[in-house]
Protein chains: 2
Amino acid sequence: MDIGQYMKDLAVAARHAATRLASSSSAERNAALRAGAKALRVAEAELLEANRRDIERAEQDELSEALRERLALDAERVESMAVGLEQVAALPDLVGEVSELRSQPSGIRVGRMRVPLGVIGIIYESRPNVTADAAGLCLKSGNAVIMRGGSEALHSNLAIAACLHSGLLTTDLPQKSVQLVEHSDRAAVGALLGLSEYVDMIVPRGGRGLIERVNAETRIPVLSHLEGICHVYLDDDADPERALAIAVNAKTQRYGVCNAMETLLVAKGAATTLLPRLGDAYRQAGVELRACPVARPLLGAGVGAASEEDWTTEYLAPVLSVRVVAGLDEAIEHINRYGSAHSDCIVTEHQGRAWEFLRRVDSGSVLVNASTRFADGFEYGLGAEVGISTDKLHARGPVGLEGLSSCKFIVLGDGHVRL
Amino acid sequence: MDIGQYMKDLAVAARHAATRLASSSSAERNAALRAGAKALRVAEAELLEANRRDIERAEQDELSEALRERLALDAERVESMAVGLEQVAALPDLVGEVSELRSQPSGIRVGRMRVPLGVIGIIYESRPNVTADAAGLCLKSGNAVIMRGGSEALHSNLAIAACLHSGLLTTDLPQKSVQLVEHSDRAAVGALLGLSEYVDMIVPRGGRGLIERVNAETRIPVLSHLEGICHVYLDDDADPERALAIAVNAKTQRYGVCNAMETLLVAKGAATTLLPRLGDAYRQAGVELRACPVARPLLGAGVGAASEEDWTTEYLAPVLSVRVVAGLDEAIEHINRYGSAHSDCIVTEHQGRAWEFLRRVDSGSVLVNASTRFADGFEYGLGAEVGISTDKLHARGPVGLEGLSSCKFIVLGDGHVRL
């Protein structure tokens with residue numbers, strides 16, 4: 001079969017569905033989401049059976065334990081997908097929301113209306129729950145979605161998509177609002193990236209390799225999440241207990257996540273009091289430390305030397321680089337130079353420096369006296385996230401329904417003409 | 001000289017300036033703008049002298065009358081540049097504005113802070129006033145700007161940039177906040193488009209050729225303004241007098257502008273009453289009409305047949321294509337299919353259809369009972385515009401200070417850690 005034609009057919013169908021979705025009611029979209037959740041629960045047995053086939057295949061192909069763990073579904077994960085759809089259905093609807101409607105000197109009233117982007121293409125790996133989560137957010141925000149999951153999860157994804165379709169069937173919304181690429185042909189991704197005439201945004205969810213390939217190959221706007229090189233800066237005026245709690249939590253609460261701290265920066269004035277205690281805490285947690293020459297002796301035994309490369313490495317593991325800086329300016333400079341514009345935190349009781357940090361650190365999330373681990377859509381009250389953006393335009397940080405939509409201008413007149 | 005190295009030096013300097021601007025105060029930026037306005041007035045004689053050299057060159061090169069007209073400066077145009085800078089200085093400052101700060105269940109407070117994009121690259125043609133207008137908006141919004149004007153306006157642009165620099169000199173803001181490419185080497189544009197590491201957004205201001213070249217050659221986000229194929233749809237329930245006034249104004253108030261109407265759509269039910277009067281009005285104004293078979297006889301003598309090509313043509317001239325449609329759905333379908341997502345209007349007294357149109361027409365500006373000619377930054381109360389976006393992400397329609405900035409998340413905690 002011609003994968004190019006197959007993908008184009010999907011895109012054309014998605015564009016038609018998007019037109020219908022753009023004028024759909026909240027009630028219709030929420031009904032489809034709730035019915036989809038119900039269908040997931042009813043189909044639990046089929047879902048687990050389909051997933052079993054993917055797992056068996058993964059074992060034959062000797063995929064890593066970690067990959068198989070991410071791939072696996074159980075009753076609990078099925079239920080949490082269903083709950084996720086219900087939570088999205090319960091979120092307020094942004095579509096059609098009008099804001100800032102103001103009269104202008106000419107007499108016309110000018111405002112903004114929030115509208116869906118149109119067609120979203122999502123390219124992701126393993127985790128089958130993304131199929132339900134991402135489709136839910138796109139549907140809620142009035143977008144049609146084309147999903148290309150990993151071939152290792154194809155059976156699971158097909159089973160989940162079938163539930164979403166039966167949810168759509170209970171409404172007048174088009175089935176093609178949610179489409180899954182049913183072929184594991186690698187060419188499908190390339191074909192999707194070329195369909196800029198029909199697709200409004202691409203959301204790649206996976207490793208840096210995937211993101212870079214997508215950015216290199218497409219003219220379609222991409223929601224990029226390169227990596228999470230997150231920093232915590234302990235200021236001279238940091239409260240010692242808060243500094244310890246946050247610095248430990250940001251690194252050790254979970255290792256393999258993008259909002260975990262990878263580099264700890266400590267102000268010279270606070271280093272002698274804080275670093276010894278932190279060294280002990282990290283050793284107890286089994287975290288390998290790589291530090292600058294000033295920090296090393298203060299952290300105690302068994303601390304390696306940090307190389308230039310450490311400052312730009314996302315470990316996603318029990319490894320931490322530590323650097324002593326002169327103060328706020330050097331900390332901000334380090335973060336803006338070596339960081340990935342993801343999530344960075346300052347611990348300080350000094351109001352002025354807290355706001356300097358908030359203002360000058362050029363990242364999607366900037367935190368004061370709170371662990372970087374809070375940087376996600378649920379903790380921010382977005383309800384869910386389709387990803388975390390490290391770009392500067394359109395959407396920064398966790399991207400929820402708002403990032404899947406944009407605002408156009410609306411103008412209300414009474415026969416007004418330009419003089 | 002090595003133009004590539006020259007452009008990179010500009011970009012590096014701009015990046016440094018942007019860092020400083022990101023933490024600058026409104027007072028500093030507004031002072032620089034007001035001092036720049038003053039400098040323009042003081043330097044009027046030098047500005048006109050520099051412009052004279054460009055005009056002489058343009059005459060030698062036999063540039064078109066229209067081009068020379070756009071290139072020409074006089075006392076009035078110099079004054080309006082100065083006033084423009086003062087108006088921008090008087091606008092509220094968006095930089096650092098915090099919104100939506102709300103407490104979350106965990107106890108952290110999460111909000112948005114509006115921040116500059118960083119470094120803006122502007123590529124434009126002839127009109128020297130763009131140098132002052134665009135630099136003013138970028139400076140106000142805390143961005144560093146690299147400007148590449150047309151070689152035909154080089155002397156004028158250099159003189160204007162000199163005034164902006166003397167304005168910056170009265171403050172502590174870096175001179176490199178505003179940089180003009182001082183070489184007319186065509187390779188400068190290509191070099192600028194390759195500096196994605198330093199430049200955050202490119203704003204091309206010129207013909208479709210320029211926009212398409214920029215989009216094809218760069219990985220930097222582009223504020224695209226392809227063209228303005230604007231529509232007015234006269235609904236069955238249109239008030240005849242309003243319909244006439246708006247349909248005539250949208251086409252004839254000014255011809256060479258992107259927000260002028262290029263295609264008139266009329267509902268079948270209103271065609272017989274409205275088209276004869278409109279035919280007369282357009283004939284009086286000297287507008288050439290190209291119509292569909294249904295509209296042609298109703299418009300009276302001397303009306304040509306519209307071809308498929310007419311529906312996708314931006315005339316920028318006293319030419320109008322006219323089509324009779326069955327009703328709202330066909331009108332919206334036509335606009336979303338043939339239009340350029342710029343500015344489209346419905347004339348109707350029917351509330352339901354007015355909102356259907358607002359909701360479903362996928363354009364940067366959607367107007368009800370108001371001429372498409374209102375679609376610009378000044379009329380919308382943005383104060384000024386750096387351009388009009390026909391894209392869907394980040395910014396749609398007229399782009400002012402808001403489109404030159406974006407919002408990052410800020411999180412305020414009291415030692416909060418993730419459990």
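Two residues are in contact when heavy atoms of theirs lie within 4.5 Å. By that criterion, and leaving aside neighbours within four places in sequence, Ile122(A) is in contact with Ala134(A), Cys138(A), Val145(A), Ile146(A), Met147(A), Arg148(A), Val203(A) and Val386(A). The model described here is predicted.

## Nonpolar cores

Ile122(A) belongs to the largest nonpolar core, which has 76 residues. Together with Met7(A), Ile146(A) and Ile202(A), Ile122(A) is among the residues with the most contacts inside that core. Helix 1 (residues 3-22) of chain A supplies the largest share of this core, nine residues. A second, separate core holds 75 residues, including Leu21(B), Met81(B), Ala132(B) and Leu404(B).

## The four-stranded sheet in chain A

In chain A, four strands form an open sheet with parallel pairing, in the order 5-4-3-6. Strand 5 (178-180) and strand 6 (201-205) of chain A are the edge strands, and each pairs on one side only. From one strand to the next, the twist averages 15°. Strand 4 (residues 144-148) of chain A is joined to strand 5 of chain A by three bridges, in the parallel sense. Within strand 5 of chain A, Val178(A) stands opposite Val145(A).

Helix 6 (residues 129-140) of chain A lies across strand 3 (119-124), strand 4, strand 5 and strand 6 of chain A, and runs at about 165° to strand 3 of chain A. Helix 7 (residues 154-169) of chain A packs on the sheet and touches strand 3 and strand 5 of chain A. The direction of helix 7 of chain A makes about 160° with that of strand 5 of chain A.

## The four-stranded sheet in chain B

Chain B also has an open sheet of four strands, with the order 5-4-3-6 and parallel pairing. Its edge strands are strand 5 (178-180) and strand 6 (201-205) of chain B, each of which pairs on one side only. Neighbouring strands of this sheet are turned by 15° against each other on average, direction ignored. Strand 4 (residues 144-148) and strand 5 of chain B run parallel and are joined by three bridges. Val145(B) has Val178(B), in strand 5 of chain B, as its bridge partner.

Helix 6 (residues 129-140) of chain B packs on this sheet, where it touches strand 3 (119-124), strand 4, strand 5 and strand 6 of chain B. The direction of helix 6 of chain B makes about 165° with that of strand 3 of chain B. Helix 9 (residues 208-217) of chain B packs on the sheet as well, touching strand 3 and strand 6 of chain B, and its direction makes about 160° with that of strand 6 of chain B.

The domain assignment of chain A gives domain 1 (3-93 + 116-224) and domain 2 (230-374). The C-alpha centres of domain 1 and domain 2 of chain A lie 36 Å apart.

Six of the seven residues of strand 11 (residues 319-325) of chain A are buried, so this strand is largely enclosed by the rest of the structure. Strand 11 of chain A pairs in the parallel sense with strand 8 and with strand 9 of chain A, as listed below.

## Positive phi in chain B

Most residues other than glycine have a negative phi. Glu100(B), which is not a glycine, has a positive phi near 55°. Glu100(B) lies in strand 1 (residues 98-103) of chain B and, at 40% relative accessibility, counts as partly exposed. Asn369(B) likewise is not a glycine and has a positive phi of about 55°. Asn369(B) is found in strand 13 (residues 365-370) of chain B and is buried, with a relative accessible area of 5%.

## Relation between the chains

Chain B is superposed on chain A by a rotation of 180° with 0.0 Å of shift along its axis, at an RMSD of 0.0 Å. The two copies are therefore related as by a two-fold rotation axis. Of the residues of chain B, His394(B) comes closest to the rotation axis, with its C-alpha at 1.8 Å. Of the interface residues of chain B, 100% are also interface residues in chain A, so the copies meet through the same surface.

Notes. Residues numbered from 1 in each chain as written. Chains lettered and ligands numbered in written order. Predicted model: local features only at pLDDT ≥ 70, side-chain atom pairs only at ≥ 80, totals over all residues. Heavy atoms only, no water. Least-squares fit on C-alpha atoms with pLDDT ≥ 70 in both. Pairing = 2+ DSSP bridges. Helix = DSSP H or I, 4+ residues; strand = E, 2+ residues; numbered from the N terminus. Axes fitted to C-alpha atoms, helices over the stretch in contact; angles between N-to-C directions. Domains from an automatic or database assignment. Core = buried A, V, L, I, M, F, W, Y, C linked by side-chain atoms within 4.5 Å. Buried < 20%, exposed > 50% of the residue type's maximum accessible area, 1.4 Å probe, protein only.
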